[in-house]
Amino acid sequence: GNKPMAAIPETTEIHPEPAHPGSRHSARSVALEEERSQFLKDLPSEYNTVGSSAFFHGRCLAPAADPESYPNGVLSDPRVTWASDQKPRDDHDAPSWLTATEFCDTKAAMNMKIEKLAQLLRISRRTVVYSGAGISVAAGIGQAARGTASGRATTDASPTFTHLALGALANAGYIHSWEQQNHDGLPQKAGVPQEILNEIHGSWFDPSNPVVKYSGNLKDHNYEWMERDATEADLVLVLGTSLGGLNADQIATNCASRSCRRQSLGFVHINLQQTEQDGKATLRLFDKTDLVFRRLLKHIGMELPSLKSVALKPVRGAGEWCARVPYDRRGRRLSAEQEVDQDNWTVLDLNEGARVKLTEGHNCQGCRQPQYKHIGALKPTRRQKGGPLTPPGNGLGRVVGHDPSTSGIRLSIDK
């Protein structure tokens with residue numbers, strides 16, 4: 001466009017493929033499989049209904065939520081921390097019982113839920129994160145849902161503890177794919193491997209995948225990835241999203257449906273507000289995700305990550321902004337056989353002044369953003385009503401600089 005766009009190095013000429021399950025799961029023990037089978041045997045095959053004793057806790061805790069089994073109220077309902085009689089969002093319909101009220105689990109209930117969450121992560125064959133704006137509000141980024149959080153940070157935001165914890169879990173082999181609804185690039189800043197991140201609704205940092213308007217179309221590659229995760233996930237962690245009916249919600253709801261047939265573990269939902277899908281959750285936690293993941297990492301004995309330890313790297317000097325990557329010169333991932341020989345790898349040069357090109361399959365047309373509509377167009381277009389005609393762009397550009405404040409690289413594409 002007319003002004004440079006921010007980009008993370010790995011996303012300028014690369015189409016990442018979803019990672020295969022990590023080494024922790026590639027040689028699963030018989031004991032883990034037996035534990036998983038027993039969990040599925042005990043998991044109720046029916047969803048919880050509104051008003052039932054387990055609705056605030058999840059299907060796997062239905063027996064523990066039964067007052068006859070636990071008369072002392074170990075799993076009492078969460079307390080209200082902010083009351084509202086309005087709907088969570090103005091742009092989505094919601095059932096009559098659902099409001100933007102925020103809740104927090106009791107200490108006793110949270111302790112039990114953390115144990116269940118740790119067990120689910122341990123026995124899962126393939127875990128997918130499905131995240132919404134709620135996990136980024138602590139970084140100062142705003143959200144569409146009504147609630148107590150607000151913010152105006154953008155590309156200069158720093159990752160939250162949730163992002164850092166998920167990065168640690170991913171690098172330890174617990175997370176295999178991440179369906180990211182947000183555009184903020186915070187997972188990458190937290191050390192999450194780019195190859196497991198599917199920025200399904202576009203990114204502030206990826207010029208080949210601009211933020212998609214509601215009237216736009218998802219990038220083909222990302223949509224296919226989402227459908228695979230919706231079909232293949234064994235466990236889905238739903239974080240900070242209202243599950244209000246977006247197409248991508250199938251990642252969670254499909255997994256829940258398979259869990260009723262004992263084919264998957266279903267989904268865990270961590271959020272302050274209720275959602276219309278809560279009755280389908282295998283496990284439901286009410287609290288801020290930062291606090292939940294701090295407790296989880298302590299429970300499983302993992303070191304608590306910090307931004308300094310995982311995200312801050314030494315400043316690169318002139319000529320050092322390049323890397324060898326397992327892609328061909330057209331930005332296509334090498335086959336497993338080709339990847340063995342590093343002579344087939346391509347040097348991705350992102351030094352200042354280097355020329356770059358968006359790969360085939362970019363979504364500058366599909367996103368429906370006016371400032372990018374000339375890129376890939378077949379004829380001259382007007383970016384604004386009544387504005388001048390802009391010739392079609394071919395996705396060619398150059399690196400104009402590096403921006404430490406955003407952990408990004410400044411590009412100019414089809415200027």
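Modeller: A polar contact is a pair of N or O atoms within 3.5 Å; within protein, one must be able to donate a hydrogen and the other to accept it, and residues adjacent in sequence count only if both atoms are side-chain atoms. This is a predicted model, where local features need pLDDT of at least 70, side-chain atom pairs count only at pLDDT 80 or more, and totals for chains, interfaces and linings use all residues. Residues are numbered from 1 along each chain as its sequence is written, and side-chain values use heavy atoms, with hydrogens and water left out.

Colleague: Which residue has its backbone oxygen 2.7 Å from a polar atom of the side chain of Ser264?

Modeller: Ser264 sits in the loop between H7 and S8. Helices (H or I, at least four residues) and strands (E, at least two) are DSSP runs, numbered from the N terminus. The side chain of Ser264 also has a polar atom 3.4 Å from the backbone nitrogen of Gly266. The backbone oxygen at 2.7 Å belongs to Cys255.

Colleague: Is Ser264 buried or exposed?

Modeller: Buried means under 20% relative accessible area, exposed over 50%, and partly exposed in between (1.4 Å probe, protein chains only). Contact means heavy atoms within 4.5 Å. Leaving aside neighbours within four places in sequence, Ser264 touches residues including Arg36, Leu40 and Asp234. Its relative accessible area is 0%, so Ser264 is buried.

Colleague: How many residues of strand S8 are buried?

Modeller: S8 covers residues 266-270. The strand is mostly covered, and the buried count is five of five.

Colleague: How many bridges join S7 to S8?

Modeller: Two strands pair if DSSP finds at least two bridges between them. S7 (residues 235-239) and S8 run parallel. Val238 has His269 as its bridge partner in S8. The bridges between S7 and S8 number five.

Colleague: What is the handedness of the β-α-β crossover from S7 to S8?

Modeller: The chain leaves S7, passes through helix H7 (residues 250-260) and reaches S8. A crossover is right-handed if, with the strands pointing away from the viewer, the path from the first strand over the helix to the second runs clockwise. This one is right-handed.

Colleague: Which residue in S9 is the bridge partner of Ile270?

Modeller: S8 and S9 (residues 283-285) run parallel, joined by three bridges. In S9, the partner of Ile270 is Leu285.

Colleague: How many disulfides are there?

Modeller: A disulfide is a pair of cysteine sulfur atoms within 2.5 Å. Cys104 is buried at 9%, and Cys255 is buried at 0%. By the distance rule, the number of disulfides is zero.
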